[in-house]
Amino acid sequence: MKYYAVYDTNVLIASLLTKYSDTATAQVVDAILNEDIVPLYNQEIMEEYDNVLHRPRFHFSEKRIQIVLSM
């Protein structure tokens, strides 16, 4: 069964920061990558993701940010 969901920005950031693959946030990412969850978003949500991912405190590389935004 497929599920459709908005991928909250806090979940996105937490999933990228965790070191453990069994956390709930990492499991959400795995479900998206496995296409069990279809992420729903619009331009405003994508702009928020982009803005937050580029915050200096996270130190995400541009390559990593682009990979995440293309999920």
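Guide: Buried means under 20% relative accessible area, exposed over 50% and partly exposed in between, with a 1.4 Å probe and protein chains only. Helices (H or I, at least four residues) are DSSP runs, numbered from the N terminus. The model is predicted: local features need pLDDT of at least 70, side-chain atom pairs count only at pLDDT 80 or more, and totals for chains, interfaces and linings use all residues. Residues are numbered from 1 along each chain as its sequence is written, and side-chain values use heavy atoms, without hydrogens and water.

Visitor: Which residues are buried in helix α4 (residues 62–69)?

Guide: An α-helix has 3.6 residues a turn, so residues three or four places apart point the same way. In α4, the buried residues are Ile65, Val68 and Leu69.

Visitor: Against which helices do the buried residues of α4 pack?

Guide: Contact means heavy atoms within 4.5 Å. The buried residues of α4 pack against α1 and α3 (43–53).

Visitor: Is Thr9 buried or exposed?

Guide: Thr9 belongs to helix α1. Its relative accessibility is 9%, and therefore Thr9 counts as buried.

Visitor: Which residue has a side chain joined to that of Thr9 by a polar contact of 2.8 Å?

Guide: A polar contact is a pair of N or O atoms within 3.5 Å; within protein, one must be able to donate a hydrogen and the other to accept it, and residues adjacent in sequence count only if both atoms are side-chain atoms. The side-chain partner of Thr9 in this contact is Glu48.

Notes:
Helix = DSSP H or I, 4+ residues; strand = E, 2+ residues; numbered from the N terminus.
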